[in-house]
Amino acid sequence: MCGIVGYVGEQHPKEILISGLKKLEYRGYDSSGIALKKDDKVQIIKTVGRISNLEEKLKKTDLLDANIGIGHTRWATHGGVTEENAHPHKIGRVTLVHNGIIENAANLKTELEEEGVIFNSNTDTEVAAALIDKYYDDNALFAIKKAISKIKGSYAFGILFDDDDDKLYAVRKDSPLIIGYGKDGNFIASDIAAIVNYTKDYSLLDEGEIAILTKNNIEVFSNGEMIHKKVIHANITAEDSDKCGYEHFMLKEIMEEPKVLDNLFKKYENFSNLPDLLKYKEIHIVACGSAMYAGIIGANLLEEKCNIKCYVECASEYRYKKVIYDRKTLVILISQSGETADTIAAMRKAKEDNIDTLAIVNVETSTIAREADNALFIGAGVEVAVATTKAYILQVAMLALLTIRANQNKEALMEAKKIPALLNKVLGDREIFENVAKEIYQVHDAFFIGRGIDYAMCMEGSLKLKEVSYIHSEAFQAGELKHGTISLIEKGVPVFAIITDKKIMDKTESNVVEVKSRDASIYTITNNNEVPNHGFRYVVPKVSSYFQSLLVVPVLQLIGYYTACYKNLDIDKPRNLAKSVTVE
Ligand code: G6P
């Protein structure tokens, strides 16, 4: 969600900014732009739509012979998707790009307008540019400090001042920003992936710190004092941000699942290196989107196998509700990016209440990874497709391992070793799932039904289908469907039934028969050959319930993927979605 990249150095910034913006595309965006600066001249070029539109415009423009620049991908919050609202924004002597939301923008805007400032867009961002300009005399650091003291909300800013030589400024609060150290210049970026082609050495900018970058130097200030930043070396390989021959990142990332699962299981083959959840009386699992659905699988396992009471809640609700904590509560935060604004807020709320927090996270340098009391890293590597696949699978696997650790089940730990090969076999059948997609891609609605842990898998399957294929899809507890939603079932509506839990197999099957009687097209995914075939049935290898979802959900991921392929959609960057949801 909104991406920032900036450069000051010996090269012309154009290529660096465009390459960086392309690497940030995965975060989700609807417009983009760059600003170039040479002496006291600033040139801003922006467009709506894809980066390719911006590239086209750049080709037709006489560019400043600059050596400093900032670039931005915008995911609209305040103000529609228009060129005026795209960043960078310039007011007076200040040009900036912004990721985040300025919550008191309306009030600040009124005040500034009364003082004579004329705004050109509907964004909250312009207000920041105006405020910094207002406080700027000849001390940029002072102006930034003063302006951010007036701003409420979240921000990462890359800032240029017309008359401040070749300096690039950066500051952040509650939105990510890093500084990168290059050979012939220095960088700012929303994440290291944006600049990894130029440098792998970077530092995380912490809350409220202000960085001043010149081509040979980076200085960072905290509370007015210059501080020393720890330099991190990124372990990203070229393969991570390459499709490696696959048509889409989403397919590449699904196909990587066996490998990353194998790595995770090997890392924890001696599960004593995992925390023991049995010491808690109650667990709250808090996350957003697929990460929350992974949490629902985990809660099913922890309750079923370890008798630990679990609640799963989406972070955007949890952060504002009255939470009644038991003294022995653990809050588990699950997040691929570790930067999801609501999940961060939920974590901070638990910490303020002195409740233990445990993060299950992919990005090791992220805010959640750094702030949680304890963090477990899933090791998915870079996930580029907006719709998560391999990270979800690893989140579920990590929760399964925590359950196995809690009940000391050595047998299950042995079984884990077989799962990657079994998953490989399932993925090898992808032509079968492509054929399902061919049958359903023109429908308007689809339903997923299951009970218990099968219902948890349905939720993820349904989300995957709707987010990439734009087909309206809902997941229902199989027994609940007849309390309203069954009225939507008519001839040919696809209903995916997930049936893996033997205890309730017959019950779900009865619900399948109910929708079949109303002419729905039934697609059953099960682990049991005895489950009837109503037209389509795929039988995954039967494994214990710790791991069964790891063989079922990839089937649903592939059905979603191929359905979007048949519809010829922008699979890795579905409309309106963002990978890293850094605003509320
Ligand atoms: C976005 C992504 C989802 C992801 C969710 C939570 O909506 O598109 O794929 O599940 O955010 O993200 P997180 O980084 O916290 O796991």
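Colleague: What should I know about the model and its numbering?
Modeller: The model is predicted: local features need pLDDT of at least 70, side-chain atom pairs count only at pLDDT 80 or more, and totals for chains, interfaces and linings use all residues. Residues are numbered from 1 along each chain as its sequence is written, and side-chain values use heavy atoms, with hydrogens and water left out.

Colleague: What is the strand order in the open sheet of 8 strands?
Modeller: The order is E3-E2-E4-E1-E10-E9-E11-E15, with antiparallel pairing. Strands are DSSP runs (E, at least two residues; helices are H or I, at least four), numbered from the N terminus, and two strands pair if DSSP finds at least two bridges between them.

Colleague: And which are the edge strands?
Modeller: Strand E3 (41-48) and strand E15 (232-233) each pair on one side only.

Colleague: Which strands does helix H1 touch?
Modeller: Helix H1 (residues 13-24) packs on the sheet and touches E1, E2, E4 and E10, contact being heavy atoms within 4.5 Å.

Colleague: Changing topic, which residues touch the most other members of the largest nonpolar core?
Modeller: They are Ile283 and Phe547, in a core of 101 residues. Such a core joins buried (under 20% relative accessible area, 1.4 Å probe, protein chains only) Ala, Val, Leu, Ile, Met, Phe, Trp, Tyr and Cys residues through side-chain atoms within 4.5 Å.

Colleague: Which helix gives the largest share?
Modeller: Helix H12 (residues 390-406) does, with 13 residues.

Colleague: Why does this core lie between domain 2 and domain 3?
Modeller: Because domain 2 (244-417) and domain 3 (427-584) both give residues to the core; the bounds come from an automatic or database domain assignment.

Note on methods
Axes fitted to C-alpha atoms, helices over the stretch in contact; angles between N-to-C directions. Buried < 20%, exposed > 50% of the residue type's maximum accessible area, 1.4 Å probe, protein only.
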